Amino acid sequence: MTDSAKHLLLVEDEAALRQATAEQLADHGYLVEQADSGEAALAKLADFAFDIIITDLRLPGIDGSAVVEGAVERYPEIIAIVVTGYGTVKDAVEAIKRGAWDFVSKPYQIDELLHVLDSALEQRRLKSENAYLRAQLEKRDRFEGIVGRGPAMSRLFQLLELVAPTGSTILISGETGSGKEVVARSIHQGSPRRLHRFVALNCSAIPETLLEAELFGVVRGAYTGADSNRQGRLEQAHKGTLFLDEVGTMSAALQMKLLRVLQEREFERVGDSHTIKVDVRVIAATNSDLGRLVAEGHFREDLFYRLNVIPVQLPPLRERKEDIPLLVQHFLDKFAGGASLPPSRDASADRRSLGGGGSGERSLRKTVSQEGLRRLMAYHWPGNVRQLENAIERAVAFSAGRAQIDAGDLPTEIQQAPEAALASAVTLPESGLDLGEFIDGIERDLVQRALERTGGNKGQAARLLGLKRTTLVEKLKRQQ
Ligand SMILES: Nc1ncnc2c1ncn2[C@@H]1O[C@H](COP(=O)(O)OP(=O)(O)OP(=O)(O)O)[C@@H](O)[C@H]1O
Ligand SMILES: [Mg+2]
């Protein structure tokens with residue numbers, strides 16, 4: 001530890017274990033306080049801002065998860081580590097959802113605990129050191145491939161920033177075309193594993209019989225057609241990241257084999273008895289509700305928990321309309337990018353060839369009309385970003401020779417999308433809202449705009465809003 005000594009609260013009901021662990025931690029420079037119950041821990045947390053809390057999950061009375069939740073709620077910067085008994089990974093996952101940083105399973109060696117602590121402290125330090133720089137860079141570099149700056153995507157970037165550098169298994173869920181693979185690649189890029197390979201395998205695109213060989217590799221003669229030894233994707237991804245797409249479609253037999261890989265990081269090639277060890281980070285993706293598949297008995301529960309260590313949920317495009325203009329421009333630049341402009345007789349194309357790109361190129365940027373954008377934002381996008389990408393590619397082709405794409409260049413179903421009414425543009429925040437206050441806010445805003453448009457003429461403003469003049473005056477009085 002480079003910083004000053006860290007204050008650590010150790011919560012454990014077994015006195016002998018607690019005492020021994022506390023002494024070992026103190027030997028390594030931590031300033032340790034002990035608590036023998038969840039209640040005692042919360043009382044100590046109320047009085048003192050610890051840097052770290054390590055808590056057993058199973059405690060009489062208030063359990064470890066609740067202690068973590070209480071600690072993190074009060075001190076967002078605290079590092080909470082939970083200690084789990086045998087076979088309680090599920091509880092550990094729950095604790096992580098409630099804000100725990102990591103977990104250690106009992107029985108553990110002190111070195112294991114120290115290692116978890118060191119890496120947590122290191123990540124915290126890097127995070128705060130980088131915070132300033134990153135704020136200046138507007139986080140643009142880190143997740144470059146992912147376009148989107150609205151609240152939903154900002155939350156996603158924050159999560160990715162935290163989890164990308166760790167080796168944790170991640171489960172990405174989202175509708176088709178919502179960008180699961182893009183996100184998986186950027187997680188890989190944001191981790192130390194970027195120096196090694198990102199290997200993708202789509203579990204639904206390959207017949208069941210071949211999938212096993214694809215994943216684990218085969219030895220010659222394992223089955224007819226296996227005419228040479230072949231590495232599987234797992235081996236190819238050694239030290240890198242393995243992206244398992246559509247993981248929900250895996251057969252029961254393969255699910256069991258994958259579970260072993262996740263638990264032991266080892267496997268055998270098909271037709272071989274030699275065990276191979278690998279160091280891979282697994283990122284899985286699904287567009288079905290894996291939790292439901294578990295409930296229906298189609299997906300192993302233990303495998304689900306192994307994969308779902310860190311759940312990443314991608315919102316569908318219709319729930320982040322605010323990103324549509326950015327995405328549209330991104331795809332316009334990708335597909336028009338100056339290349340599809342009319343032949344050289346066009347003056348602007350000449351300028352491009354003379355200027356050799358640079359600033360000239362900017363003025364050639366294809367754009368979309370506001371009416372076109374309104375249609376694009378009103379549409380419900382069942383195929384999400386992929387569908388938007390295709391629509392823009394098509395519109396670029398249809399609008400050859402024109403600088404601006406119009407509503408008429410868009411596919412019919414999008415042209416016919418009803419213009420978004422104000423109400424459908426409003427999203428209900430997860431935390432809920434105060435309906436009365438919200439509606440009052442909208443009313444205030446519209447009244448204000450009506451007055452602005454009519455230069456403050458109350459009679460005209462009232463007519464614009466379909467109100468009697470007296471009603472408008474009444475409202476204005478109440479709004480003051
Ligand atoms: N946020 C984004 N920024 C830029 N491009 C994106 C974004 N999200 C998706 N795309 C693009 O949309 C297309 C679909 O993305 P991707 O393949 O990651 O989706 P997916 O969720 O894996 O879809 P599926 O479930 O069908 O496999 C890709 O061409 C990708 O480049
Ligand atoms: Mg995909």
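1. Which atom of valine 147 lies 2.8 Å from a nitrogen atom of ligand 1? A backbone N or O atom of valine 147 does, and such a pair is a polar contact (N or O atoms within 3.5 Å).

2. This is a predicted model, in which local features need pLDDT of at least 70 and side-chain atom pairs count only at pLDDT 80 or more, while totals for chains, interfaces and linings use all residues. Residues are numbered from 1 along each chain, chains are lettered from A and ligands numbered from 1 in the order written, and side-chain values use heavy atoms, without hydrogens and water.

3. Around ligand 1 there are 19 residues, each with a heavy atom within 4 Å of the ligand. Val147, Thr176, Gly177, Lys180 and Glu389 come nearest.

4. Helix 13 (residues 324–335) and helix 17 (residues 384–398) have axes that come within 9 Å and cross at roughly 50 degrees. Helices here are DSSP runs (H or I) of at least four residues, and strands (E) of at least two.

5. Most peptide bonds are trans. Lysine 106 and proline 107, however, are joined by a cis peptide bond, with omega about -10 degrees. Proline 107 is in the loop between strand 5 (102–105) and helix 5 (110–137).

Conventions
Axes are lines fitted to C-alpha atoms, for helices over the stretch in contact, and angles run from 0 to 180 degrees between N-to-C directions. A polar contact is a pair of N or O atoms within 3.5 Å; within protein, one must be able to donate a hydrogen and the other to accept it, and residues adjacent in sequence count only if both atoms are side-chain atoms.
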